[in-house]
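Here are my notes for someone opening this one for the first time. Have the model up on screen as you read.

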Amino acid sequence: MTEPSKQLSDPRQLLEGYLDHYREEILRKLDGFPEPEVSRVPSGWTPAAMLKHLAFMERRWFQWDFAGEQVADANGDRDEDGAFVATESLEELKEFYLAQCERSRQIVAGASLSDVASRIGRFQPPKEPPTLAWIMFHVLEEYMRHAGHLDIARELAEG
């Protein structure tokens, strides 16, 4: 998927378009990645673990925090030290990731950018819940940052 049209001016269409662009960009960067379960960086994260992190990131922000849905193990992408981990195959992770992205799209489609997050997830009183627009910008920023991480990991993996 290419970037959204340069003619778009509607903030919602831009946010949704760029989120989908980066969701696909992550998968494109992982396509043909040599040994995605092997770390190439000092912190030890792997490209497969990054994909799992992004799936759980979608789940946390849109399902748990915004929509207030109960989710099993909201932090299932991390070990007890907070490091990204994955024991699943890349294909299993892709399937899980795509399901989380689709659920996020459904949630966003039924809400206004000015709607605020639930009090179920991380924004229980006295914390102030963010708007959907803020959450979408935050998730977009996280995608952009991690796409860059995958660029570096791929460069290291391919020599």
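The points below go from the overall fold to two single residues.

1. First, the ground rules: this is a predicted model, where local features need pLDDT of at least 70, side-chain atom pairs count only at pLDDT 80 or more, and totals for chains, interfaces and linings use all residues. Residues are numbered from 1 along each chain as its sequence is written, and side-chain values use heavy atoms, with hydrogens and water left out.

2. The protein chain has four helices and zero strands, in the order α-α-α-α from the N terminus. Helices here are DSSP runs (H or I, at least four residues), and strands are E runs of at least two.

3. For 159 residues, a compact globule would have a radius of gyration near 15 Å, and the chain's 16 Å agrees with that. That radius is taken over C-alpha atoms, and the globule rule is 2.2 Å times the number of residues to the power 0.38. The C-alpha trace spans about 45 × 45 × 25 Å along its principal axes.

4. Buried residues (under 20% relative accessible area, 1.4 Å probe, protein chains only) make up 47% of the 159.

5. Take a look at Met57, in helix α2 (residues 47-66). Met57 is buried, at 1% relative accessible area. Leaving aside residues up to four places away in sequence, Met57 touches Val139, Glu142 and Tyr143, contact meaning heavy atoms within 4.5 Å. Met57 and Val139 are 82 residues apart in sequence, yet 7.8 Å apart in space, C-alpha to C-alpha.

Key
Buried < 20%, exposed > 50% of the residue type's maximum accessible area, 1.4 Å probe, protein only.
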